[in-house]
Amino acid sequence: MKARRRHLAIIRRALLDAPDPTTLKGKRDRALLSVLLYHGLRREELCKLTVRDIHARRGVLHLRIHGKGNKLRYLPLHAGSAERIHAYLEVAGHGEVPNAPLFQPARRKTHAALTADGVYKIVLAYAARAQIEVQGFGVHSLRATAATNALEYEADIAKVQEWLVHANIATTRIYDRRKSRPEDSPTFRVTY
């Protein structure tokens with residue numbers, strides 16, 4: 001299990017580090033991939049983010065997520081994502097415009113948000129660059145990866161359900177690979 005975790009961590013790191021950190025596009029894409037992998041967002045949720053959606057709550061930076069069915073949720077912003085977003089906004093020039101879409105096209109100054117299709121193409125391109133098997137891979141794969149990773153590192157399944165906004169915990173259990181670990185069998189919990 002530890003070897004599998006290490007292998008998956010290497011793949012995730014390769015994907016996170018695939019964009020060129022010296023260009024505007026690379027900085028944007030590093031921030032975008034980080035937000036997807038550390039926060040388990042749907043691509044539509046990522047596209048709806050504005051600069052204003054990054055704000056402090058009780059002294060901790062959060063992302064305000066506009067989810068399905070107009071549901072709002074607040075997720076603490078991962079430090080790695082915060083750094084990458086800051087680096088991107090510093091160069092992009094729209095960090096002081098609260099209503100501006102957070103992730104915008106890098107080539108044209110349209111002041112419009114990236115589209116869900118654009119995010120899909122970005123993720124596939126970097127997956128190919130990181131030598132991740134592209135067939136069957138997509139933006140939702142990053143959401144699944146975030147959920148699986150959180151569960152493997154002992155996050156409470158009910159908290160992961162809430163994090164992903166799953167109506168039913170059975171949906172969250174799809175990502176729980178722990179049931180296949182022999183050391184987690186109830187056999188080893190029984191005592192007399």
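# Strands and salt bridges

Tutor: Let's start at the hairpin of β1 and β2: 2 residues sit between the strands, and R58 there takes a positive phi near 50°. This is a predicted model, where local features need pLDDT of at least 70 and side-chain atom pairs 80 or more, while totals for chains, interfaces and linings use all residues. Residues are numbered from 1 along each chain as its sequence is written, and side-chain values use heavy atoms, leaving out hydrogens and water.

Student: Why are β1 and β2 said to pair?

Tutor: Strands (DSSP runs of E, at least two residues, numbered from the N terminus) pair if DSSP finds at least two bridges between them. β1 and β2 have 4 bridges, in the antiparallel sense, so they pair. I54, for one, stands opposite L63 in β2.

Student: What makes R13 and D17 a salt bridge?

Tutor: You need a side-chain nitrogen of Lys or Arg within 4 Å of a carboxyl oxygen of Asp or Glu. For R13 and D17 the closest N and O atoms are 3.3 Å apart, so the pair counts. Both lie in helix α1, 4 residues apart, which means about one helical turn. (A helix is a DSSP run of H or I, at least four residues.)

Student: K25 and D29 also meet in a salt bridge. Why is D29 called buried, but K25 partly exposed?

Tutor: Buried means under 20% relative accessible area, exposed over 50%, and partly exposed in between (1.4 Å probe, protein chains only). D29 has 0%, so D29 is buried; K25 has 31%, so K25 is partly exposed.
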